[in-house]
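Open the model in your viewer and keep the selection tool ready. The tour makes two stops.

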Amino acid sequence: MLIRDARPWGGDPSDITVTDGLISAIAPSSSAGARNVDVVEGRDRILLPSFSDAHIHLDSNRLGLPFRPHTAGTADAPASLRQLIDNDRANWRAAETSMAERTGTALGLAIARGGTRFRSYAQVDADCGLERLEAVLAAKQQHRDRAEVTVMAFPQAGILLEPGVPALLKQALRSGADVIGGLDPCGLDRDPVRHLDVVFGLAEKYQVPVDIHLHERGTLGAFTIELIAERTAALGMQGRVTLSHAFALGTSNDDATVGALIELLAAQDISVATVAPSGSGVLPIRRLTEAGVRVGLGQDGMRDYWSPYGNADLLDRTWQLAFTQGFRPDELIEYCVAVATVGGRSVIDPSAPRVTSIADRPGLTIGDPADLVLVPGDSVTAALMDRGTDRTVIRAGTVVADRLELLPAG
Ligand SMILES: [Zn+2]
């Protein structure tokens with residue numbers, strides 16, 4: 001394949017040759033005709049590594065369905081975590097389409113917008129059993145030629161509060177889940193030792209990475225992060241543990257505490273996935289990156305029973321990341337795009353190059369995978385501000401979507 005007249009990371013117009021799914025040559029644009037290759041017309045668009053979504057709940061969305069009022073909380077009484085969990089549990093089965101249709105739709109939309117690599121949550125609990133996991137696995141299968149999806153068995157309703165959850169998680173790992181999840185070991189299960197025993201026990205037994213959803217803030221969240229780092233060190237799981245949200249790294253802890261936690265994460269190569277929240281959950285992503293911590297971005301749930309936000313477009317979420325970080329200089333805006341693309345990839349695959357400074361723009365050199373997206377814009381910053389629809393998505397050297405529409409697979 002030849003991608004003609006595209007600007008890698010917004011640089012000079014180039015022709016990019018792809019061989020066997022990898023970038024094999026990059027040369028200044030020329031008008032010379034290409035022979036015996038598929039040509040993708042860059043039309044002076046910007047070429048970026050495709051998005052790698054490090055935190056998406058494919059089984060929690062109502063994309064394409066009628067909009068539904070939020071029922072978990074009110075204007076004066078926002079829902080607690082428990083109320084959000086219960087509201088989802090009470091309503092998800094009543095949706096207009098099957099769970100498998102919804103997971104497939106959401107993944108298709110996210111691919112068409114520029115994503116080719118995903119770490120998806122799949123809720124496993126005493127109520128849904130493996131039903132939602134099976135739907136996420138079905139979506140992965142449906143789009144297997146367009147995207148690489150790793151699936152997490154995620155105990156959204158806790159591990160210890162209802163009977164049978166550890167056994168269900170085990171069954172999930174035997175049924176195709178690639179990652180074991182955890183959630184607020186102190187805040188929800190109120191027993192971090194037993195919670196982490198189950199999570200890390202399964203990780204060791206099935207040799208899978210760990211990803212812990214951590215809403216805990218302040219001292220409690222810092223304590224949990226220390227416990228997770230201890231377990232990571234004890235099991236030699238460096239590079240195979242992720243903290244999602246990790247609000248304790250935001251402003252609920254003082255600067256020195258956050259600095260000590262970042263050092264712990266760097267020492268154990270524990271990565272961080274954020275969904276770009278506002279308020280005290282805004283993470284010091286630049287500080288994390290510069291300490292060597294892998295940072296990725298995710299879409300989270302989308303227009304679901306938890307919240308009306310989210311549209312399967314990681315470019316939109318990248319705008320939100322830049323906005324909530326308060327970034328204005330181009331270098332920092334582009335850095336957010338690096339986090340959403342190669343940053344997320346390094347969370348999912350720790351052997352991939354990581355973003356180590358705000359100036360780092362890996363992912364588009366010879367030998368890199370031809371997992372790419374073309375976006376319109378005068379510069380990378382402009383592309384993020386305008387978020388145009390004239391996008392072309394390439395996975396392993398094959399065009400999988402154009403102008404926000406999927407192409408036939410295979
Ligand atoms: Zn989440």
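**Stop one: the metal site**

Select H213: this residue is buried, because its relative accessible area is 3% (buried means under 20%, with a 1.4 Å probe and protein chains only). This is a predicted model, where local features need pLDDT of at least 70, side-chain atom pairs count only at pLDDT 80 or more, and totals for chains, interfaces and linings use all residues. Residues are numbered from 1 along each chain as its sequence is written, and side-chain values use heavy atoms, with hydrogens and water left out.

H55 (NE2), H57 (NE2), H213 (NE2) and D300 (OD) coordinate the zinc ion at 2.1 to 2.7 Å. Donors here are N, O and S atoms within 2.8 Å of the metal (3.2 Å for Na, K and Ca); water is not among the atoms, so sites may look incomplete.

Color strand 5 (residues 51–61) and strand 9 (residues 210–213). H55 lies in strand 5 and H213 in strand 9, 158 residues apart, so the pair links distant parts of the chain. Strands are DSSP runs (E, at least two residues) and helices likewise (H or I, at least four), numbered from the N terminus. H55 is also buried, at 0% relative accessibility.

**Stop two: a helix pair**

Move to helix 2 (residues 99–112) and helix 3 (residues 131–142). Their axes, lines fitted to C-alpha atoms over the stretch in contact, are 8 Å apart and meet at an angle of about 45 degrees.

Show side chains at the contact (heavy atoms within 4.5 Å). From helix 2, select M99, A100, T103, G104 and L107; from helix 3, R132, A135, V136, A139, K140 and Q142.

Methods
Buried means under 20% relative accessible area, exposed over 50%, partly exposed in between (1.4 Å probe, protein chains only). Axes are lines fitted to C-alpha atoms, for helices over the stretch in contact, and angles run from 0 to 180 degrees between N-to-C directions.
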